[in-house]
Amino acid sequence: MALIASTKGSGSARQRSVSPTITLYEHRKEALERMATMANMGLHVFHPDWQSVKPGTMPRGRQYSTTFKSTTMKILGSDEELTIPVQTCTRVHDVREALGRSLMIDPEGLQFLVKQGCTTRKQMPSEEIASTVTVKGISSFKPPKHEWPHPVGIIGAGYNGLKTAMLYTKSGNNNYVVFDRNDQVGGYCWITAANKTSKLQTEFGSFHIWWGEDCVTESCPYPKGWEIWPKKKEVLAHFQHAAESYGVLPYFQFKTNVAKMDIVGDKDSHDRYYKLGVMPVDGGDAREVNVSVLYNFPGCMTRNRVIEYPGEDAFGGHIAYGMNDDCPYDELAGKNIAILGNGAFAVENARTCSEHGANKVYLLTRRKNLASPRIPCWFVHQGPVPTPGKLVLDMFKPMYDLADFGDPWEYWSVHANSDRTKVSVIQNSRFGIGDVTFLMVLYGKLEYVQDTLKRCTHQTLHLTGGRKLEDVSVILKSLGLLGDFAVDRLHKMKQMVGMWCDGDWRRPLLIDAIGMNAANFTTFSTGIGSHGFVLTQKYLHDHPKEYYRMADMGLLKQMPTNKANEELDKPAYVFDVKYSMSASIILESMNPKLSELSANDAEYKYRMYHTAHPIDYYFEECIKDWDNYQKMFKEQGCDREYVPYPYTKEMVKGYFEEYVKLTKVQVSVDGPPKDAPELVDCTKGS
C-alpha cells in the first residue's frame, strides 16, 4: 500500500507517494548503472537472475547476496580514499585484481586491512570485501606515470607542438625539449604561409591554443574578450600569451633544425631511444640530443603545388601563390584578379583582394566546393554533440538562396538519400568559411568559374571550355599544398601505421589532415582534434603498459596504414581525415580509458562557446561585418541596394529545436543555465 504524507498548515492536502512502478524502475536503473560501473572497473558482476529459484523448489548450491553496496578504500598512511560500488558477494580477490589492473601494478603486492574491534586484521582473498578497508602496498589511487631515461622530444613549435608542451607542463612534467626552425612560437602556417592580412575563418573559441577544460587557468580562461576572427598578428600574440602563461618557453630551442634521427637499440625494445642530430639554422656546430619519445608536428603541407601553364611568360601581369605576402595587395585597386583553386586559402585570398579594392575576382575551379556561412560554423562549434549533416546543409540554404549559390544538397561532394534525411560530405578540401564570399557574389565582386585554365596570353586567361577571362592583372595559384618527403626521410619510414611513424608508438605524428569526410560535424577547426590527440598519446607514454596490453591484442594489425606515393608526390605522413578518424576510433575502442580523458569535451564546448561568443553578441558582430563590407563595396563603386543579413535569431532558435529533435540532446540558443554545476578536469589522475 502506498504511504501517505501530509503537509502542515490549514487546508493541507494528502499527497500520493511515488508510484511503486516508478520506484521499481528507478531501483533497476540504479542497479544497471552500478553494474556498468563495476564492469568498467573490471569487477565481476553477479546478476540476481543467475540464481533465481522457481516457486516451490529448493535452492541448489550456495546462494550469494547480490545486493549493491559501496566500499570505501583508504590508503595506509594517507588521507586519499576511493569509494566504489560493489555487491555484498564481491570478494577481496576481485577488488584486488581490478585495482591492480587500474594502477597497472602486480595485485599480489596489495593487502586489504579491516578494523575488527580494537585491532586491525588482514582480509583473506576469499572474503567478502568490507564496507571500509585500508589498502597497503600503494601510495595513491592514481596510476604511477612512467619515467623515461631521456627527455620527450617535440619537433615543431606551432599549434600542436605548443599544445603538447602546455599539457606536459600542466601535468607537472617539464622533462621535454621543443625544436623549431623559427624564432618564435606559431609554426609555419601562421609565421610563414599566412599573409599579413590573413584572418582566422572559424571563431577564436574553436581555435584558441588552451582549448579544453583541463587547459583553463586564471590567465587562460574561456576566451571572452579576444577578437572573434583575429588576424595574423593577434593569432601569433595569443600563441605567445599561452606560452608565457604556462611557462613553457625555457624548454624551447628556437632557430634549430632536427636534421637526423637514429634509433638506438632494437626498434621494438622498451629500452630504445632516439638520437637526434640537431643543427642551428643560422650556422654553427651540430650536436646530438637523446630523447625517449619523439612527437613530430610538420604542420600544414609546406610546398606549393607547382603547375606551369602555357603562355605564362607572355601574361605580362603578376603570378603568385597568395602566400607569405607574395602578392602585391597594395597594388590591386581597380584590377581584375584570377584565383586558381577553390580551397579555404583560395576563398581567403578572394576576401583579401576585395578588401584591397580589386575590381573583380574570378575564382577558377574545376568543381565548385561547398562554402560555409558564419552562422552554421558557430552552431557546429557550440554543439555538445556532432551536428547532423542534414542540419548543416539546411543552415547553408538561406545564404545560398540569397546569393543564388545553388542548392547545397546538389553539390558534387554531397551524398544523400532520396528524402534528404541522411547525408555525407566528401571533398578534397575544407570549407572556406565566411559571409563575405557570398556578399562579393551578390555585389558582382566575385565570380565562380567552373572550368580549367588552358593557356595564357597578355593579361588574358584562355579556358578549356572556350571562355576568355580578359583584362586580368594578377593570377594567384591557390592549387593546394604538398608534403615534404624530408619528413619521411627523417624517420626512415615508408608508411604510417595509425598515427605513428612506421608503427612506432613512441613517434606519433600529426598534421592538419586533408579533405573532409563527415556525416556529422564536430568542428571546422583545430582545437578539439589537437587536444584529443595529445591527451591520447601522452597517456600511452605515461603508462606504457596500456600500449603493450593493446599491442598484445593485435592493435597494429587493426590500424590503417598510409604509404608514400611518389607518383602523386605524396609522402607517407600526409593522410586524409577519414584515415585519422579511423585510427582514433580503433585506438579508443581498444582502450576505453582514452575516451574518458575527453569525457567533458561536449559540455565544455557548449559552455565555453556561449561564454566567449554568446549568440546576441555574435549576431551583432556578423551583421556589423556584413554592413561594413557593403559600405566598402559601394565606396569602391558598386551600385546595389542594401542586402539584409539572411539569418535571424528566430531562425537560429529553430535550428536549436531541430538539433534537439535529431540528437535528443537538450540545448538552448542562450546557452547553459546559470546554475549549471562546475565542470571537472577529466585528465586528473591520468
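Helices here are DSSP runs of H or I, at least four residues long, numbered from the N terminus. The model is predicted.

**Stop 1: L490**

Select helix α11, residues 485-491, and find L490 in it. Is L490 buried or exposed? Its relative accessibility is 12%, and the cut-off for buried is under 20%, so L490 counts as buried.

Now show what surrounds L490. Beyond its neighbours within four places in sequence, L490 is in contact with I155, V258, A259, K260, M261 and N296. Pick V258 from that list. L490 and V258 are 232 residues apart in sequence, yet their C-alpha atoms are 8.5 Å apart in space.

**Stop 2: Y222 and Y604**

Switch to aromatic rings. The model has 41 aromatic pairs, counting rings whose centres lie within 6.5 Å. Select Y222 and Y604 as one of them. Their ring centres are 5.6 Å apart and the planes meet at 75°; over 60 degrees counts as edge-to-face, so this pair is edge-to-face.

Colour by element next. Y222 sits in the loop between α5 (204-207) and α6 (232-246), while Y604 belongs to helix α17 (residues 601-612). The pair therefore ties together parts that are 382 residues apart in sequence. Both Y222 and Y604 are buried.

**Stop 3**

Select F396, Y400, F405, Y411, F431, F438, Y448, F521 and F524. These residues form one aromatic cluster.

Which rings does its charged end sit over? One is the ring of F405, with the charged end 3.7 Å from its centre. Another is the ring of Y448, at 4.9 Å from the centre.

Key:
Residues numbered from 1 in each chain as written. Predicted model: local features only at pLDDT ≥ 70, side-chain atom pairs only at ≥ 80, totals over all residues. Heavy atoms only, no water. Phe/Tyr/Trp six-rings, centres within 6.5 Å; stacked < 30°, edge-to-face > 60°. Helix = DSSP H or I, 4+ residues; strand = E, 2+ residues; numbered from the N terminus. Buried < 20%, exposed > 50% of the residue type's maximum accessible area, 1.4 Å probe, protein only. Lys NZ or Arg CZ within 6 Å of the ring centre and 35° of its normal. Contact = heavy atoms within 4.5 Å.
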